[in-house]
Amino acid sequence: MEWPINYSLEKMLPLLTLYSLSRLEKGIVSPDELTLRPEKIVKQRVRHAVPCLEILWQIDGEFNCSTVCLCLQCASLARLIYRYISLF
């Protein structure tokens, strides 16, 4: 099975960002050590009665992302970890 870049990002980005947020919350890594960094909050949403944020992510390193890297994350966790990201 072939995994094109767009399909891979669509499936893996929510898992990778959640993993990164949980590691930051537990103090395992610092924000400087991550390759996924939030750029800005695009929109506030509610998914399954849980407040979420649609976040635009920047990918550092050798991976060149030509597509938009957006995913939803729990608002309380994202705001707790990343207080500096701007809204809209």
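**A tour from the hairpin to the helix**

Select Lys-40 and then Leu-56 in strand E2: the two are bridge partners. This is a predicted model, in which local features need pLDDT of at least 70, side-chain atom pairs count only at pLDDT 80 or more, and totals for chains, interfaces and linings use all residues. Residues are numbered from 1 along each chain as its sequence is written, and side-chain values use heavy atoms, without hydrogens and water.

Strands (E, at least two residues) and helices (H or I, at least four) are DSSP runs numbered from the N terminus; two strands pair if DSSP finds at least two bridges between them. Two residues separate E1 from E2 in this hairpin, and His-48 in the turn has a positive phi of about 55 degrees.

Next, show the side chains of Trp-3 and Tyr-7. Their ring centres are 5.3 Å apart and their planes at 65 degrees, so the pair is edge-to-face (centres within 6.5 Å; planes under 30 degrees apart are stacked, over 60 edge-to-face, the rest tilted; for Trp the six-membered ring is used). Trp-3 is partly exposed at 43% relative accessible area, and Tyr-7 likewise at 32% (buried is under 20%, exposed over 50%, partly exposed in between, with a 1.4 Å probe and protein chains only).

Now go to helix H1, residues 5-26, and pick Leu-16. Leu-16 is partly exposed, at 40%.

Finish at Ser-22, also in H1 and partly exposed at 21%.
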